[in-house]
Every structure is written in C-alpha cells, then in structure tokens.
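Please examine the model shown below before reading on. The paragraphs that follow treat a pair of helices and then a pair of domains.

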Amino acid sequence: MNRTKLSYKDYQNDKKTNYAIGAILIVALLGGIWLLEQTIAPTHIVFSILKKGAIYSLVAVSMNLLNGFTGLFSLGQAGFMLLGAYTYAIFTIPVEMRDSVYQYFDGGIIQFTIPVIAALVLAGLVAAAVAALIGLPVLRLKSDYLAIATLGFAEIIRAIFQWDKLGVLTNGSNVLRKYPTFSSTLYPFLVAGICIALICLLINSSYGRAYKAIRDDEIAAEAMGINLFKHKQQAFMISSFFAGVSGALLAMFQTTVTASTFRVAMTYEILLIVVIGGMGSISGSVIGSFLYIACSEWWLRFLDQTQFINGWQVPLLRTGFRKVVFAVIIMIIVLFFRKGLMGDRELSVSRIRAGLHNLIVWFATLPARIKGAGRRKKRQAGEKTTVTDTAQKTKQEGGADQ
Amino acid sequence: MTYDAILSVENVTMQFGGVVAVNNLNLHVQRGEIVALIGPNGAGKTTAFNCITGVYEPTNGQIRFNDQVIISNHPKGKMKKLYSGENYGMYSKVKNPTPDKVTRLGIARTFQNIRLFKTQTVFDNVLIAKHMRAKQNVFSATLRLSYAEEKRMRQETYALLEEQNLLHLKDEMASNLPYGLQRRLEIARALATQPQLLLLDEPAAGMNPQETQELTAFIHSIRDKYQLSILMIEHHMDLVMEISERIYVLDFGSLIAEGTPEEIQNNQHVIDAYLGVSEDA
Amino acid sequence: MEQFIETLTSFFSTNLPYILAGISVGGQYALIAIGYTMVYGILRLINFAHGDIFMAAGLILIYAAASMPLYLAIPLMIVVTVLIGFLVERVAYKPLRSAPRMSIMISAIGVSYLIQNLALYVTGGLTKVYPAIPWISDSVTIGSATTKMVTLVTPVLTIVLVIALVLLIRYTKIGMAMRAVSRDFETSQLMGIKIDRVISATFIIGTFLAAIGSLLFFTNYTGVTPTIGAMPGLKAFVAAVFGGIGSIPGAVIGAFIIGICENIIKGLGWTTFSDAFTFALLIVILIVKPSGLFGEKNTDKV
C-alpha cells in the first residue's frame with residue numbers, strides 16, 4: 001500500500017468508484033435508518049431528532065443558497081416556511097375533517113384536497129411565487145437593508161395568516177390539523193435528500209457559478225454579462241421554493257400548524273445553523289442542522305435539569321441553561337471560527353477516501369514514527385545534531401521500512 | 001470623421017450633484033483601432049468608461065455602438081435645474097441599459113482595481129464569462145440536460161486559457177496569482193464574453209517596465225486575433241505612445257486634445273495640463 | 001369643508017387616547033432609534049442586539065428595585081446597561097472590524113440570541129412585573145382620555161435628550177470625531193482619531209438612551225419577558241431608516257410617526273397589522289426613497 005499522505009484531489013478523477021461508493025453510502029444510510037426503525041421503539045427521541053434534522057437541513061441549505069452562495073443576506077426564511085406549511089395543510093386536510101378544523105369558519109372555503117406530493121410541490125410553488133413578488137422591490141436593496149426588508153416581509157406574512165378576516169382560508173389564529181403526516185423517518189430523509197441533491201446540481205451548474213460570481217463581486221459579475229436582478233430573483237425564488245417544501249415537511253412533522261411558530265427567532269436559528277456549518281457549504285449546513293437539533297433537543301438536555309454528582313449539586317444547572325450554553329457556543333463559533341465546521345468546502349466521497357487513507361497511513365506508520373521519535377530523543381540527549389538532520393534521517397528510516 | 005466607427009460617444013456629460021465629472025465628451029473608436037484616453041488623475045477617464053459600460057447613467061448625451069444608439073439620456077428631475085453642461089435639450093430619448101446588457105452587445109471591460117472572482121479558480125473565472133451567451137435555462141442546467149453546451153463552454157475556456165498561457169494555473173485560486181497574471185486573467189475573462197470592443201482601464205498599472213513591454217505585444221496580438229477595437233486608459237506614456245493609433249486627452253472632464261501620438265506629444269495644451277502652466281508665461 | 005373639519009375633530013376626540021399613546025410610544029422608539037442610527041452611521045451595522053439590551057435594562061431595574069430603593073436602582077440600572085452596551089461592542093463587534101459586513105451582522109444576531117437566552121435563564125421564563133415608578137406612573141386626565149404621567153413626560157424628555165445629544169455632537173471634540181468617522185472611517189483613522197474610543201462612545205450614548213427609553217416604555221407595560229425587546233427594537237430601526245439612517249433628528253421624527261400611526265391602527269381595530277404596518281412602511285420607504293427623509297445619498301465607487 002501507498003504510504004504517503006493523499007489529498008482529496010488524488011481521488012477526484014476516479015469518478016466511477018466515487019459514484020459507486022457514494023451510492024453505497026446513501027443506501028447504507030437509508031438502510032441504517034430502516035434498521036433502526038425495526039429495532040428501536042418508534043417513540044425514541046432519536047427519530048424525532050433525525051426527522052427534524054432532515055427538515056432543518058433542507059431549509060438551512062436553502063438559506064445557504066442565498067446567504068452563502070449568492071451573497072444575499074436574507075432573513076425571510078421563516079416566512080416562506082410558513083407559506084409552505086399553510087399551503088400544504090390547507091390543501092390536504094380531508095374534506096370530511098374540515099368542519100371540525102375550521103369550526104369557526106363553517107368548514108372553510110376550500111372543499112377539495114390534492115395528493116400529498118402535489119401539495120408538497122404546491123407548497124414550494126406558492127412560496128416561490130410570493131418570493132417573486134417580494135423580490136421585485138426588495139432585491140434592489142443593499143445587503144443590510146435587504147436583511148431587514150425580508151425580515152419585515154416575513155412578519156407581514158405572519159400577520160396576514162393570523163388575520164381572522166382570512167379565516168375561511170387560513171383558520172385565523174387557530175391551528176390547522178388533521179392533514180396527512182408521515183410516520184417513517186425515511187420520508188423526510190427522501191424528500192429533503194432529493195431537494196438538497198437538486199440544489200447541489202444547481203450550484204455546480206453554470207447558474208450556480210453565476211450566483212457565486214455575484215457573491216464575490218457584483219460589479220464584475222455585471223460586467224461579465226450576468227443580469228444581477230434576474231439571477232438574484234432566481235436564487236431568491238429557488239431558495240424560497242425549498243423553504244416552502246421544508247415548511248410543508250415541518251407541518252407534517254409537527255402535525256399541527258400555527259402562524260405563531262414561524263417567528264423571526266426561527267430564521268435566526270436557521271441562520272446560526274448555516275453559520276455553524278459554514279457559509280457556502282451544503283454538506284456543512286446538513287451536518288450543522290443535525291448537530292444543532294441533536295444538541296438542543298437531546299445531548300444538552302441534561303443542562304436543563306438539576307444534576308447531582310455524589311450528592312453534590314452542580315451549580316447553574318436549571319431550566320434555560322442549555323440555551324445559554326448553546327448561545328455561548330454559537331458566539332464562540334461566530335467570533336473565533338468564522339468559517340464554521342466546513343468553511344466553503346464540501347464533504348465529498350473523494351475527501352472521505354483521502355481522509356480514510358490518511359487515517360490508515362497514520363496508524364500504519366505509527367510504530368515507525370514512535371521508534372523514530374525515541375531514537376531522536378536519545379540522539380538529541382547524546383550528540384548535538386541539528387533538527388533538520390534528524391528529520392532527514394527519520395525520513396530515510398521511514399523509507400527503508402517500506 | 002469616417003463612418004466605420006464602432007463606438008461613438010456624442011456630447012456625453014456626467015454630472016454628480018453640482019460636479020461635472022465629464023463635460024461634453026466626444027470620442028470615437030474605429031473598427032480595429034487602438035485608442036488611448038489619457039489625462040491627469042481625476043480628469044474623468046474612468047467616469048467616461050463607466051458611462052460607456054452602463055455603470056453610470058450619463059446626465060446628457062448619447063453613445064452609439066455599431067451605429068446603433070445604445071445609451072442616451074437627458075437631464076431629468078432635479079438635474080434639470082442643476083445641469084450646467086452643454087447641449088441641454090438636444091437629446092430626448094432615454095436609454096440606460098444595465099452593464100450586463102452592454103456586455104451582451106459586445107463591449108467588454110477590465111477594471112482599474114482588478115475585480116476578479118477571488119474565491120474561484122482561474123478556470124471558473126473565465127468559465128463564468130461564458131454564462132452570458134449560454135442558451136441553457138436554470139432547469140436544463142440543474143438537471144444536466146444541456147450537457148453538450150456545458151462541455152462546449154468548458155472546451156472554449158480551456159482553449160482560451162491555453163492561448164493566454166494561463167492553462168497551467170487553471171486550478172489556482174484567482175487571488176493567489178501574482179499581480180501581472182491577475183491583469184492577464186482579467187483580460188482573458190473579458191475576452192471570453194466575445195467582445196468586439198474592449199475597454200482596458202489602466203492595464204499596465206503596477207507593472208514593471210518589462211511587463212509593460214510585454215503588454216504592448218500582448219494587446220496587439222489580441223487585437224489581431226479577435227478582431228477587436230480597443231479603447232484604453234493608461235498612464236504609462238511609453239506604452240500609450242507606442243501602442244495607440246489615436247489619443248484623446250481629458251482634463252477636468254473636458255477634452256483638450258485629440259490626435260496621433262506625435263500630435264499629442266507636441267500639443268501645448270497637453271503639456272500644460274500635465275506639467276502645469278508657469279505663472280510668468 | 002366644515003363637515004371635513006367636523007369629522008376631523010370627531011376623529012381626534014375618539015382617537016385621542018391612541019394619539020397620546022402614539023406620541024408616548026413614539027418618544028420611546030425615538031430613544032432606541034438613536035442608538036441604531038448612530039451605530040449604523042459609524043459602523044454600517046444593524047445592531048440587532050440593541051432591542052435586547054433595551055429589554056435587559058428592563059430586567060435589571062426589576063432585579064435592582066427588588067433589593068434597593070428606586071433612587072439607587074435607576075442609576076444602577078443605567079450604569080449596568082451602558083456597561084453591557086460597551087462590553088457587547090468590545091467582545092462581539094470589535095474583533096470583526098475587518099471582517100465582511102455579513103459576519104458582523106451575524107455576530108449581532110448571535111448576541112441578541114445570547115441576551116434573550118440569558119434573560120430566559122435568569123427569569124425562568126416568567127413574566128417579571130415592572131416596578132411602579134412614583135410620579136411617572138401616576139394617572140392624569142387630558143380631555144377625554146385618562147393616561148399615565150409617562151405619556152406626557154416621554155415626548156418632553158425625548159426632545160430634551162435629543163437636543164442635548166445634537167449639541168454634544170455639534171460642539172464637543174468627541175462629537176466632531178463621531179461626525180468624521182461616520183463620514184469616512186479610514187481617513188479619520190489616518191487623521192489620528194482613535195476609532196475604538198469613538199465607537200465605544202457611540203455605544204455608550206446609544207445604550208444610555210435605550211436605558212432611559214426602557215424606563216419609560218416598561219412603565220406602560222405590566223411586565224418584561226425575554227423577547228419583549230425584539231419588536232420595539234426592529235420598529236426603532238425602521239424609524240431610523242425612515243428618518244434617514246445616520247440622521248438623529250430623522251430618527252426621532254420617524255419614531256414619532258411610526259408610534260402614532262401604529263396606535264391609530266390599533267384604534268381602528270387592526271391590531272394584528274400594527275407590527276406589519278411598520279414593516280410595510282419600511283419597504284415603501286426603501287423603494288421610494290432609500291435614503292430616508294433626511295439621509296444622504298451616496299453612490300458606490302467603481
């Protein structure tokens with residue numbers, strides 16, 4: 001075996017094997033989830049983490065498409081999720097259930113349903129259509145104004161959906177429920193997975209390159225013949241489309257929908273996930289979502305409860321401490337690890353292969369290096385040899401081992 | 001004036017508030033010609049470029065490209081009162097395309113302070129310029145239905161980089177290139193938009209004499225190879241005098257001279273503008 | 001015409017309580033908005049945490065008043081709030097001064113998240129009752145409306161503070177430095193202005209005014225919750241944009257207009273839309289006149 005360190009670039013040209021390994025990994029992941037569902041009680045927290053993680057992955061990636069890849073600082077994601085969630089719920093509540101859901105509005109105005117898949121797509125389309133309208137005025141604004149304007153739009157949308165005059169459609173400030181949901185964890189994984197794959201394909205296409213050009217330098221992009229408004233509008237609509245789909249998935253996950261869920265705080269949460277994962281990294285956003293959800297809903301739960309170690313009460317631990325710790329971690333990431341987990345790199349099969357290879361090499365050469373280090377120490381203690389000298393010698397020794 | 005002009009700038013005035021940055025500029029570039037626009041700092045050269053490329057809307061005047069009016073404007077709103085330039089009321093048409101539309105028509109430019117896409121490779125920097133003329137839409141691009149076109153774009157980029165001797169650097173980050181190569185890359189990127197007219201904003205800025213020397217040959221070679229017309233802003237007088245067929249001189253926004261290099265070298269106005277007028281003269 | 005005047009007077013008399021409330025809320029927004037507009041003017045940063053510092057000021061007074069008399073608690077609250085404002089800038093914004101604008105805005109959102117969560121932790125998620133402050137909590141009757149004294153105090157106090165601030169900016173050395181920095185960050189640095197000191201001063205003034213604002217604002221409310229600062233914060237920002245960001249009189253006028261409109265909308269029975277209205281106004285302003293009422297237009301250099 002080759003004992004030198006390899007970079008992911010060394011594997012990049014080995015496309016067929018990479019695709020094969022990628023396919024195997026995906027099948028293994030889905031199979032693993034399936035196995036988990038067969039073996040563990042369905043009420044176990046791991047399933048809700050996985051489901052929510054998948055849904056947040058999609059919305060985080062959709063936000064990253066705007067903030068990380070197109071350079072548009074938009075804070076409207078919660079608003080578009082709301083649109084998706086409501087669209088999905090409104091069009092899928094079975095007709096016979098409508099009287100009980102819309103109890104204050106005579107069963108509502110819509111008296112038909114559409115298939116779940118069609119409703120998911122429609123959820124995205126409604127969000128994209130609203131994005132197109134909003135984008136007309138808003139996308140001409142500069143970064144920070146854009147942030148505050150999109151945030152404002154999300155708030156306006158929320159107010160409209162809570163308005164009781166539209167109750168026949170939105171059920172006013174009451175919840176929507178009794179629409180079809182999913183029980184298997186594979187469902188959100190598949191839907192979110194397909195959507196994220198589409199976003200990946202987009203980003204690696206000519207349009208994705210144009211978005212990145214806009215992010216890097218608007219004036220230069222324009223001089224390259226890229227129509228700024230058209231491309232920004234496009235990215236905004238596509239991002240909103242997927243935010244809408246993820247909103248619909250969230251509605252399915254939560255089994256009820258109310259407008260008051262989709263507050264600014266939710267957008268902030270998604271933004272922080274994107275930052276944790278790395279602006280401009282899709283795999284970062286995905287990893288970030290699962291980590292974020294798992295930490296906040298599972299792993300750091302213990303911080304919210306009073307704990308005793310040998311009868312000694314650990315100070316500070318009580319309700320709300322988890323979120324404080326969390327916020328501090330986020331601030332540390334924002335301030336000191338500005339690139340997040342992944343920076344703008346992607347986790348690819350070639351990277352995994354290179355990483356594995358290097359790991360194996362590390363272990364394989366470990367004995368030789370320990371020996372070398374031992375010898376070096378002895379020598380340094382005895383004779384006076386320069387550092388470069390010893391380094392060269394150990395290198396030669398390493399070569400001789402092969 | 002012969003009428004094979006590819007570009008004619010007619011009576012263009014650019015006024016910011018009360019400041020007239022370009023005053024009644026008239027300039028033309030013939031097909032296949034290399035023309036230089038010179039003048040002291042702050043004379044309004046880059047502003048003129050920005051008017052031609054659509055970055056600024058000129059306050060008054062029009063610009064024709066290939067005998068078609070591509071930009072035209074007249075003072076409006078507050079500017080009606082403020083306007084202090086000439087030819088007020090001469091133009092009534094309003095046409096202010098965005099820079100991308102100007103590029104699409106066939107005018108490419110480089111920037112005084114290099115504007116490459118810094119987080120992307122040399123190859124992608126050039127490939128991005130191919131996006132404009134691609135026929136794919138966002139769906140066919142995402143779903144890889146326009147594979148053939150993508151492949152062609154990549155091949156063209158490859159060929160262009162090879163011609164420009166940048167191929168060995170194709171996977172380098174643009175920001176990692178030395179200054180001179182960054183300038184070269186910026187020109188290569190502009191060429192990738194398939195222009196007829198190339199505007200170079202101080203292409204030799206920051207280059208040493210040898211690099212400047214090479215630039216002369218380079219500009220000639222691209223002009224011949226791509227049948228370009230070139231309008232450039234430059235401060236290196238050696239380069240300007242050697243390369244340009246005609247020169248325009250701007251000072252305080254107004255044209256003070258035009259002519260061949262020899263004429264300009266002997267023009268008293270130009271000498272005054274550059275060296276200043278001595279008081280007892 | 002007469003009929004018109006009649007409808008107008010009847011509008012005013014029926015809506016008097018809302019108009020009064022509007023003026024009062026407007027004054028409170030104004031005090032917060034100044035913090036936004038000054039910070040934006042100098043750092044080009046929307047300080048998302050400003051509204052939360054405002055909330056924190058409310059909580060600090062509640063806790064302080066629980067253990068000491070108000071005449072000590074109020075100055076203490078102001079000092080601690082100002083200290084928080086100062087520290088937030090030093091810890092969360094200063095290290096990012098050369099970073100892209102987006103990073104520093106994200107940092108601001110992070111700080112906002114942190115302050116809210118800290119408040120949630122400290123209060124245990126319970127609404128804390130704001131202490132009644134003598135005199136300004138007293139009821140008064142004006143015409144047909146009964147209201148608290150604070151309604152009358154707020155506009156007066158706001159205007160006095162704004163005049164003081166304008167004088168400070170116009171005639172003191174630090175004020176001159178602030179104006180220079182907001183005009184051109186780099187050049188003023190080269191001219192020997194100590195940027196960090198100016199920025200700190202800006203945050204101190206901004207949070208000081210927000211602390212006063214919180215005193216007036218929460219007197220009208222029953223209690224303080226961790227997220228209560230977010231909305232007034234955003235509205236104050238909209239007021240700052242409306243008036244032309246960077247302009248102090250602009251922010252004040254914008255805040256009064258927003259406060260009054262919002263309360264009239266509430267009076268008309270459209271409470272659901274009182275928040276949405278503010279943002280609709282923001283978007284209209286950004287489209288029609290992005291530089292706001294008194295802002296200056298600046299063009300990007302190529």
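A crossing of two helices is called left-handed if the near helix is turned anticlockwise from the far one by less than a right angle, and right-handed if clockwise. The model is predicted, and local features need pLDDT of at least 70, side-chain atom pairs count only at pLDDT 80 or more, and totals for chains, interfaces and linings use all residues. Residues are numbered from 1 along each chain as its sequence is written, while chains are lettered from A and ligands numbered from 1 in the order in which they are written.

In chain C, helix α9 (residues 230-243) and helix α11 (residues 274-288) have axes that come within 10 Å and cross at roughly 25°. Helices here are DSSP runs of H or I with at least four residues, numbered from the N terminus; axes are lines fitted to C-alpha atoms over the stretch in contact, with angles from 0 to 180 degrees between N-to-C directions. Angles under 35 degrees count as roughly parallel, and α9(C) and α11(C) are therefore roughly parallel to each other. Their crossing is left-handed.

Residues are in contact if their C-beta atoms, placed from the backbone, lie within 7 Å. Among the residues of α9(C) that meet α11(C) are C:M231 and C:F242, and the α11(C) side includes C:D275 and C:I285.

Chain B is divided into domain 1 (1-106 + 196-281) and domain 2 (116-194), with bounds from an automatic or database domain assignment. Their centres, taken over C-alpha atoms, are 28 Å apart. Domain 1 of chain B contributes nine residues to the contact and domain 2 of chain B seven residues. On the domain 1 side, α3 (99-105) and α8 (209-225) of chain B each supply at least two residues.

Terms used:
Angles under 35 degrees count as roughly parallel, over 145 as roughly antiparallel, 65 to 115 as roughly perpendicular and the rest as oblique. Two residues are in contact if their C-beta atoms, placed from the backbone, lie within 7 Å.
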